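Student: I have a model open and want a quick tour. Can you walk me through it?

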Amino acid sequence: MKVFIHKNKEGEWTNVNNFSAMTWFKEMGYEIVPFTDVQDLPALGLTRETPVVGGISNVLTALDLLGIERPKMIDIPEELTPWTYRKIWTSTLEQVKRDEHLWPVFVKPLKDHKIFTGFVLKTFADLFKCLAIPETTEVLVSEPVKFDGEYRCFILNNEVIDLRRYNGSLDYYPDMQVVNEMTKAFSKEAPCAYSLDVGRILDADGKTCHNTALVEVNDSYALGIYGLPAYKQVKMIIARWKEMTK
């Protein structure tokens, strides 16, 4: 059994996520095959049975090389909009620039998260952050809110298998009943492994107005683990790779 895991040009694991996955795949008896250029994978023995561990672009390109349709991005599933507690819509960079009367808004790429990092657009100076990006680029736009305390909830086969705090106050903890309600609402359309990012929204006076609101959903094929144990991480990677490659 092989698993392909991304390394940089200096021969180091690209990030802690890749290193963590390597440790448990090795424990399970997999042959660890490092790669630097994803285009080299076919020559290294890439098949539907060989998981690929790396960033979003690496995994998606590996699926392209196998002739497999890319999974859809699932930032804010329609089923989970009742828990966003903010206005969210899709647009283009061109339209967002024109809609100055709506500013400030949070803007991030709708399909390719590597094009630019999401940011709050307040003034024309903020547009320098995406100056070289085509204006036809589709974006996800949302009303800016203040999150204070954020957790990543790891979901495998519609069950929460772990939670990891990644931002904000130490005294915050999400309402698990609400998290389970979200998981149930998304169960029919959800991939077998993904994360629910949730957090506490504060009002202008710094008081809690929504304790457990949806930040976003992330697919597990290239997921930041924030300290998730390696054995749980690898379970999610294997399950999602099998699902994507059928």
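Student: What should I know before we start?

Tutor: This is a predicted model: local features need pLDDT of at least 70, side-chain atom pairs count only at pLDDT 80 or more, and totals for chains, interfaces and linings use all residues. Residues are numbered from 1 along each chain as its sequence is written, and side-chain values use heavy atoms, with hydrogens and water left out.

Student: Start with helix α6. How far apart are its end C-alpha atoms?

Tutor: They are 22 Å apart. Helix α6 covers residues 230–245, and its 16 residues should span 22 Å at 1.5 Å a residue, so the two values agree. The expected span is 1.5 Å times one less than the number of residues. Helices (H or I, at least four residues) and strands (E, at least two) are DSSP runs, numbered from the N terminus.

Student: Which α6 residues are buried?

Tutor: Ala230, Lys232, Gln233, Val234, Met236, Ile237, Ile238, Arg240, Trp241, Met244 and Thr245. Buried means under 20% relative accessible area, exposed over 50%, and partly exposed in between (1.4 Å probe, protein chains only).

Student: Zoom in on Thr245. What does it touch?

Tutor: Leaving aside neighbours within four places in sequence, Thr245 is in contact with Arg48, Leu63 and Ile68. Contact means heavy atoms within 4.5 Å. Thr245 counts as buried because its relative accessible area is 4%. Its C-alpha atom is separated by 31 Å from that of Trp89, 156 residues apart along the chain.

Student: And what comes after α6?

Tutor: Lys246 follows, with a positive phi near 55 degrees.

Student: Now α3. What do its buried residues pack against?

Tutor: They pack against β1 (2–6), β2 (31–35), α2 (41–44), β3 (52–53) and α6. The buried residues of α3 (residues 56–65) are Asn58, Val59, Leu60, Thr61, Ala62 and Leu63. Just after α3, Gly67 has a positive phi of about 75 degrees.

Student: Switching to cores. Which residues touch the most other members of the largest nonpolar core?

Tutor: Leu80, Cys153, Met182, Tyr194, Leu196, Leu214 and Val217, out of 21 residues. Two or more residues each come from β8 (146–156), α5 (176–185), β10 (193–202) and β11 (208–219). A nonpolar core is a set of buried Ala, Val, Leu, Ile, Met, Phe, Trp, Tyr and Cys residues joined through side-chain atoms within 4.5 Å. A second, separate core of 16 residues includes Val33, Val38, Leu60 and Trp241.

Student: What is Val217 in contact with?

Tutor: Setting aside neighbours within four places in sequence, Val217 contacts Ile74, Asp75, Pro77, Leu80, Phe186, Tyr194, Ser195 and Leu196.

Student: Thr183: buried or exposed?

Tutor: Thr183 is buried, because its relative accessibility is 4%. Thr183 is in helix α5. Beyond neighbours within four places in sequence, its contacts are Ile155, Asn158, Val160, Tyr194 and Leu196.

Student: You listed Asn158 there. Where does that one sit?

Tutor: Asn158 is in the loop between β8 and β9. Its phi is near 65 degrees, a positive value in a residue other than glycine. Asn158 counts as partly exposed because its relative accessibility is 37%. Asn157 is in the loop between β8 and β9 (159–167) too. Asn157 has a positive phi of about 50 degrees, and is exposed at 53% relative accessible area.

Student: Which peptide bond is cis?

Tutor: The one from Trp103 to Pro104, with omega near 5 degrees. Pro104 is in the loop between α4 (93–98) and β5 (105–109).

Student: Last topic. What is the volume of the second largest pocket?

Tutor: About 600 Å³. Of its 28 lining residues, the closest to the centre are Pro71, Lys72, Met73, Ile74 and Glu189. On a 1 Å grid over the protein atoms alone, a pocket is an open set of points where a 1.4 Å probe fits, with protein on both sides within 12 Å along at least five of seven lines; lining residues have an atom within 4 Å of a point. Grid points are joined across faces, edges and corners, and a volume is the space filled by probe spheres set on the points.

Student: Which element gives the largest share of that lining?

Tutor: α6, with four residues.
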